[in-house]
Amino acid sequence: MATLSDIALAAAINILSAFIFFVAFAILRLQPFNDRVYFPKWYLKGLRTDPVHGGTLMRKFVNLDWKSYVRFLNWMPAAIRMPELELIDHAGLDSVVYLRIYLIGLKIFVPIAFLAWAVLVPVNWTSDGLANSKLKNLTSSDIDRISISNVQSGSQRFWAHIVIAYAFTFLTCFVLLKEYEKVAAMRLHFLASEKRRADQFTVLVRNIPPDPDESVGELVEHFFLVNHPDTYLTHQVVYNANTLAKLVKKKKKLQNWLVYYQNKLERTSQRPEIKTGFLGLCGAKVDAIDHHNAEIDRLSKEIALERDKVTNDPKSTMPAAFVSFKSRWGAAVCAQTQQTRNPTSWLTEWAPEPRDVYWSNLAIPYVSLTIRRLIMAVAFFFLTFFFMIPIAFVQTLASLDGIRKSAPWLEPIISVPFIKSFIQGFLPGIALKLFLIFLPTILMIMAKFEGFGSISSLERRAAARYYIFNFVNIFLGNLLTGTAFQQLDTFLHQSANEYPITIGTAIPLKASFFISYIMVDGWAGIAAEVLMLKPLIIYHLKNFFLVKTEKDREEAMDAGSIGFNTGEPRIQLYFLLGLVYAPVTPTVLPFIIVFFGLAYVVFRHQIINVYNQEYESGAAFWPDVHVRIVIALIISQIVLMGLLTTKKAAQSTPFLIALPILTIWFHRYCKGRFESAFVKYPLQACLNCFHG
């Protein structure tokens, strides 16, 4: 069980790590040869060029202006300085609304922390529940004296926790209501003021029923001329062109090599030669320019043949089409209505913008989507619950007891106070963090297999599953396995009717593990985000070995994106931990506030200077964000009810039953009041927008 000294050591390690990351970032970002790594967004927008430094060769690689190093943290105020409206123009609404999630965390947890430390901490600290507990063998630490565990069973002091729980609920709901209203207004204004784009007038139609007398294209044209005669403009049938796409990609690669060899010819006045064998290491020598011209001509012919095959082969035609209309109003009417009596055919939805379309999945037959999603649901179930086994194993090895059992010869080393504090306060968090590295990739592969047609929907599905995984394995899994391992001796030496009391007392004691995890993931992890060590190394390796042309240099820049599928579930875990532990162990709250504040500054900087968002959905993800915070709030209320029940507060616990009911009612109100703005587009707004 981690003590305050263990937590203090872990905090010192993580603060030092974060400081080192920030200093390294401040130095590296100032070097001219790293400019494309730390400011790629400005290069992609064409608003920044490679820095030019006159003088010695060293100045081309190293910044020798010592004054710039003195202001090494000036990027923080610069990140906050850009106004929100300007940031929307610069980065899009998705990025700005994503940042607002961090602001919500601050708006909720700063006042909650003030209330908790002003009211609950004195109530808990002045109690003597742990000292007078009948469970003498129960493992606890000094950090638990300011948690609900220290309140005597049956005490009237639990009324303070109940009143504060109501205050926390009303505060959280008020912040969520105002943010939902604000984001909905921002979305509608953003969509109405966007520049004219084809996807604003286009609908994606899927599951077009087959007709033996007409092709899919003829069927689509006939259907919309009959049912939307005044607004239908044109259509484009979806083809299975995945093979064609591979050929085009291969041709672009050859064209890039051709440019490289042509540039080499201009520099050296000698025609370059290459070997045609494996990786250019063996085979006959040929003229590089002539060889690539011949290969490009050959591929061009293959592409033309494949294009004709795709266009004329009925098997390549998918029962789906993009249908464009003369006005936004016409597109909105089609996208938001049922087209036929059969609700499973002629399914319409707003077409994603071109950057958002995941073209590979458009070739998947609609009828197979249900089967694919069922398979992935079963696979995700087993992934989630079987993952508990290795997580529990790793967490056990990362504890003092686990090390003593698996490697008893290390006993003299782990008995050293510093090493002991390091293991208890830092090692469990870093072990869990490392164990989850490959999970986002697995979940994204599963989402792609399910057949979603846009990148945004892929990321939202992966985020939803990541959230469930975090809840089951990181939250519940660590509570249950932690309680079972740490309190095993106590369970074996007590009567069965004392089990509920032990569980109710032991759950708050797991707060020290989550504090460790927050510091590793939310402090040092966020600071490492701004350093971008992996993109830095990859860029310089590519620049040294692979970059041949200016286009290669641009592609070597890994601008990345906000990564909604990984970032949003991480935020939601902190909302869950904060809301659950706020009335139970307020010690967690300062660590969470630091995370939200630091993450807001870091990601605002990254969005301004680095991330190049792949798509723009107009903050369509916001209903998911809202409902997950509401779920975390309900879970916190249920946990508190369970704890008070085990604490023999039978007279006061029933007063908490109203909280989940009120919270569910609040969610239904918000859903009915605001959610339609994220799934539909008002016809009134369409009439006031562009017309074709």
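**Salt bridges and a nonpolar surface patch**

Arg298 counts as partly exposed, at 32% relative accessibility. Its salt-bridge partner is Glu295, with N and O 2.7 Å apart. Glu295 is likewise partly exposed, at 22% relative accessibility. Both residues belong to helix H11 (residues 288-312). They sit 3 residues apart, about one turn of the helix. The model is a predicted one.

In total, the structure holds 15 salt bridges. Side chains of opposite charge can pair when their charged atoms come close. Another such pair is Lys107 and Glu179, at 2.7 Å from N to O. Lys107 is partly exposed, with a relative accessible area of 38%. Glu179 is buried, at 4%; the cut-off for buried is under 20%.

Lys671 pairs with Glu675 in a further salt bridge, the closest N and O atoms being 3.0 Å apart. Lys671 is partly exposed, at 41% relative accessibility. Elsewhere, shared partners join salt bridges into one network of Glu84, Arg100, Lys107 and Glu179.

The surface also carries a nonpolar patch. Its members are Leu374, Val378, Phe381, Phe382, Phe385, Phe386 and Ile389. Together they present about 720 Å² of accessible area. Helix H14 (residues 369-386) supplies the largest share of the patch, 6 residues. Phe381 is found in helix H14. This residue is partly exposed, with a relative accessible area of 44%.

Technical notes. Residues are numbered from 1 along each chain as its sequence is written. This is a predicted model: local features need pLDDT of at least 70, side-chain atom pairs count only at pLDDT 80 or more; totals for chains, interfaces and linings use all residues. Side-chain values use heavy atoms; hydrogens and water are left out. Patches are made of residues with over 30% relative accessible area and no salt bridge: like charges are joined within 9 Å, nonpolar side chains (Val, Leu, Ile, Met, Phe, Trp, Tyr) within 5 Å. Accessible areas come from the Shrake-Rupley method with a 1.4 Å probe; for residues, only the protein chains shown count as cover. A salt bridge is a side-chain nitrogen of Lys or Arg within 4 Å of a carboxyl oxygen of Asp or Glu. Helices (H or I, at least four residues) and strands (E, at least two) are DSSP runs, numbered from the N terminus. Buried means under 20% relative accessible area, exposed over 50%, partly exposed in between (1.4 Å probe, protein chains only).
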